[in-house]
Amino acid sequence: MIVFRAALQEALNRRILGIGAAVSVAFVGLFWFGFSTAFSRVAADTGDELATIAATTVMTVLGLYAVQFLAAFLAILLAAGSIAGELESGRALQVLARPIPRWSWLLQRTAAFGGLSVGYVVIMTAGVLGVAGGVGGYGALSPVRGMALMSLEVLVLVALAVALSTRLGTVATGVVVVALYGLAWLAGIMEFVGRIVDNPAVERIGVAVSLLMPSDALWRGASFHLQSPAFLLSPDGDVGIPFAAVDPPSVMLIAWSLLYATVLMVLAVRSLRRRDL
């Protein structure tokens, strides 16, 4: 666990966590202000319970959508230089000169950065849901399942960044992962549009890209569990929100994402073993 603790200390020294915490506190404060203002206005203007539920659901899911963006970029920032940065600076040689297997060093660093990313997801999601529940009485369908799927999303990103980091530099790894993350986001929009306009071809393209990079598909699965049950059963729930899902995630998606991350870690270990240090 020495490498694990050292990786956590490294993240603190790089001030990524400090800056991230400051930005996150500001975000939750801004969300509280915006949610409180909008909720008061909607409740006063409409007086319609379904309209209020729809408004609170959209605002909450939008806030959580921003959270998953913040968590994704934090995971990428932490993991992009997890291996490449250590190799480029020569610190890896100092550590691996000791009787520490390369696979153990890599997995401990991955666990440290993955754990930080998951912790961020849980804290921020709980914060947004707490604000929505305290101000507007909002209740999600299954917050725990939603957090679990968002956590799996950031773990997939960490695994991908670590695997690429064994061969590419820090900047190149970050660019590739962000590009794939953006591609997955675009595929999710295409899938939604294809379903709305009844275009199976466009919808299938979105699904295919989700297999290449399942990050957005995992968010959409999480978003289903983070919506209000009353909203999902309402007429508005049938139409859905562009950045959320109206159906629960499939078991195949979860299984594929777990396999995806596992294979990436196996490839990362194999790549590091074969690399000449």
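Predicted model: local features only at pLDDT ≥ 70, side-chain atom pairs only at ≥ 80, totals over all residues.
Residues are numbered from 1 along each chain as its sequence is written, and side-chain values use heavy atoms, without hydrogens and water.

The 27 residues of H8 should span 39 Å at 1.5 Å a residue, in agreement with end C-alpha atoms that are 39 Å apart; the expected span is 1.5 Å times one less than the number of residues. Buried positions in H8 include Thr 173, Val 177, Tyr 181 and Phe 192 (buried, under 20% relative accessible area; exposed, over 50%; partly exposed, in between; 1.4 Å probe, protein chains only).

Aromatic pairs number 8, where rings of Phe, Tyr and Trp (its six-membered ring) pair if their centres lie within 6.5 Å, with planes under 30 degrees apart counted as stacked, over 60 as edge-to-face and the rest as tilted. The rings of Tyr 65 and Trp 219 are tilted, because their planes lie at 35°, with centres 5.5 Å apart. This pair ties together helix H3 (residues 49-80) and helix H10, in parts 154 residues apart in sequence. Both Tyr 65 and Trp 219 are buried. Phe 73 and Tyr 181 form an edge-to-face pair, with centres 5.9 Å apart and planes at 75°. Phe 73 is partly exposed at 37% relative accessibility, whereas Tyr 181 is buried at 5%.

Key:
Helix = DSSP H or I, 4+ residues; strand = E, 2+ residues; numbered from the N terminus.
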